[in-house]
Structure formats: C-alpha cells, structure tokens
Amino acid sequence: MQLSPFRALVSLTLIAGALPAAAQSFDALTQARGWAHQDRDFSFTFFDSATRSLITWDKGFGVMNTLSLAKLKDQPALWLMDRYNNAWVVAGDSLYFVTKDGKVDRKDRLPAEVADVAWDSQTGFVLLYKTTTPYLEMRDIKDGSVTWSHGQKPKKGEGVSNALYRVCMKVLPGGDTQVLFTDGPSLDLTVLSGKNGNPVVRTAFKLNGQPAPTLDFNKTEPGSLCPYFGKETIYSAMDSTSLPAGAAPGLNGLLLAKLDMSTSVVTMLPTGLTPDHRFIGVVDGQAVFIKPTGGLAFVAIQ
C-alpha cells in the first residue's frame, strides 16, 4: 500500500475526483476526532460522524479514500482498512466487514469487547480484549478467521469495562512481523511472532538504570503503543500522574515513553499537551495526537 510520491500524487488526483464533496472538504488538521491509529503507509483513517464515513487521510496528500458506514447501525469503536479499501470495524463485542461500496458483508460475535487493535496488511490483524489478563487473537485480514490466539479466552460475562493493556505490531527488516503488547502495569512488553503467536521475548526496560516503574491505571487507561516504522523504537503515551513519584522529575501532563528495543532503555519525553490528547502515531519525526476539541497536534520526537 506504500506509494511513491509520484504514484501517490496521481492516485490522489484520480481518487479526489471520485470522492464525495463532504469527504474532499474533510480537514483532519481541524476535524479529526475520536479513535484512529496509523497505518504502515503513514496514513490515518478517521470516523467522520457528520457523514458517517471512514475517511483515510495522509499528512502529505490529504484525503485518500472514503467509505460510507451508513448501513452499519452500530457505533464504530475501532477499525482498519485492507489493501482494497474494505474495512474491518469493531463495535461493542461484534466484528463487521464492510465492503468498499458500503455493504455490511458479515458480522461476527466476539468473546468480549475489544480494548485495542493492531494490524499488518500481509500478516493480518490482532484484537486485544478487555479482560483481566491479556487475551489476543490474530485474525486473517481476508475472512476474519482466527489464525492463532494467546492467553485464556474469556467465558461469557468475564470481560472487564476498562482497557488494561495495549498492543502494536512491528515489521522486521526481512518482512516478518512481531506482536508487542503490555502484559501488566509496567512498560515491559511481551513479544510474539506475528506468524504463529509463539513467544519471542519479554522485554525488561530500565528507566535511569532502574527497572521500568509500575504504572497506576486506576485514574486513566493506558495510552496507545505506536511503533516508529523503520526504527527499533516503540512509543507509549501516558498521563504523568500514572507514574510513581520521582520517576520523571519535572515532567507533567501527557508524556511519551520512548522504548528502545535495542538497548532496553526507557526515555521519558514531555509533549507539552494535556492528558486528554489521544496518541495515534509517528510521522516524519513527529508524534501525532488527536486534540480533545478536534483536530491534530504534532510534537517533535527524538
């Protein structure tokens, strides 16, 4: 799905002519709201409640695609696009497949509500559930079938109301993928093979030479995990109040934890933003956030 600048510009010209006027006028810089997460081609897909559409937007080229969810009666919570501009949409404890022409092609009941989702267009997509201990399913991006799972599948009614864990996917230089997820209230991550779910490693990050601190999620849910594509780095957003006293002296508000996978070192970075900003990805050396009032904020990162 990655396009060269020339191909992307030509594609944008062709696509824009076919987009509804409402989609063409959508400006993510001022209108983006709710949930979103960066795709491997550095685009983002936002839900526009005014038009009830998923709108795929790129920082350099603007609106790239639009998909109507008018035929989906439930409120979408999480979503991802496949390479053909169809969408997998999570709503409550249901998973929907919506074709590029807006048809709701299938609906699957899930074992619990979903806390987070990560994907790779070649490997599939991972659903991380709202459960007391981490439970993940890798699903085929073509038909939504479960290809592997990790953890104890919850029984009916065993889910929890809050998201306790987060997940992301990382592409290795050779093209293989890994699934990384938080498995407790620290910054340490469990790493699984994206191909079969086999354990690879559990990280043991250090902050200022000490083991990664235990975080307090009683006041707020954990922030998103976002990989810096092409680098050995994962970024995690967090409210400074979730850190124990003295863990990040002088830093307040919304922070980014830079998790260096090659050295197992954590660096805390200030963003200058309030904790109600939503971290959604990293583009061109900048962390991208959705503002609580709508629109995007960009913060330079190391």
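Analyst: One definition is needed at the start: two strands pair if DSSP finds at least two bridges between them. Please also keep in mind that this is a predicted model.

User: Which residue stands opposite Val 191 in S15?
Analyst: Val 191 faces Val 201 of S15. The strands concerned are S14 (residues 189–193) and S15 (residues 199–202), which pair in the antiparallel sense over 3 bridges.

User: How many residues lie between S14 and S15 in the hairpin?
Analyst: There are 5 residues between them, and Gly 197 in the turn has a positive phi of about 80°.

User: Now the sheet of 6 strands: what is its order?
Analyst: The order is S17-S16-S21-S20-S19-S18, in an open sheet with mixed pairing. Strand S17 (210–211) and strand S18 (225–227) stand at the edges; each has a single partner strand, so one side of each is left without a neighbour in the sheet.

User: What holds strands of a sheet together in general?
Analyst: Strands pair through backbone hydrogen bonds, either parallel or antiparallel.

User: How many bridges join S18 to S19?
Analyst: S18 and strand S19 (residues 233–239) are joined by 3 bridges and run antiparallel. Within this pairing, Cys 226 has Tyr 235 in S19 as its bridge partner.

User: And how many join S19 to S20?
Analyst: S19 and S20 are joined by 7 bridges, again in the antiparallel sense. Ala 237 has Leu 256 in S20 as its bridge partner.

User: Is S20 mostly covered or mostly open?
Analyst: Strand S20 (residues 254–260) is mostly covered, with 7 of its 7 residues buried.

User: Which residues sit on each side of S20?
Analyst: Leu 254, Leu 256, Lys 258 and Asp 260 are on one side, while Leu 255, Ala 257 and Leu 259 are on the other; all are buried, and both faces are covered. As a general point, side chains in a regular strand alternate between the two faces of the sheet.

User: What is the relative accessible area of Asn 85?
Analyst: The value for Asn 85 is 26%, which makes it partly exposed. Phe 42 is also partly exposed, with a relative accessible area of 29%.

User: Changing topic: how many cavities of 30 Å³ or more are there?
Analyst: The count comes to 3 cavities. The largest cavity has a volume of about 120 Å³. Its lining includes His 37, Asp 120, Cys 168 and Phe 229. Strand S8 (114–120) and strand S12 (167–171) are the elements that each give two or more residues to this lining.

User: What lines the second largest cavity?
Analyst: There are 13 lining residues, and Thr 182, Leu 215, Phe 217, Pro 222 and Ser 236 lie nearest its centre. S19 gives the largest share of this lining, 3 residues. The space inside is about 70 Å³.

User: And how much space lies in the largest pocket?
Analyst: The largest pocket holds about 720 Å³ of space. It is lined by 39 residues, and those closest to its centre are Gly 34, Trp 35, Arg 166, Glu 221 and Arg 278. By class, the lining has 19 nonpolar, 10 polar and 10 charged residues.

User: Finally, where does pLDDT stay under 50?
Analyst: It stays under 50 over residues 1–17. For the protein chain the mean pLDDT is 91, and 92% of the residues reach 70 or more.

Note on methods: Residues numbered from 1 in each chain as written. Heavy atoms only, no water. Helix = DSSP H or I, 4+ residues; strand = E, 2+ residues; numbered from the N terminus. Buried < 20%, exposed > 50% of the residue type's maximum accessible area, 1.4 Å probe, protein only. 1 Å grid on protein atoms, 1.4 Å probe; cavity = no way out; pocket = protein on both sides within 12 Å on 5 of 7 lines; lining within 4 Å. Points joined across faces, edges and corners; volume = space filled by probe spheres on them. pLDDT = per-residue confidence, 0-100. Contact = heavy atoms within 4.5 Å. Nonpolar A, V, L, I, M, F, W, Y, C, P; charged D, E, K, R; others polar.
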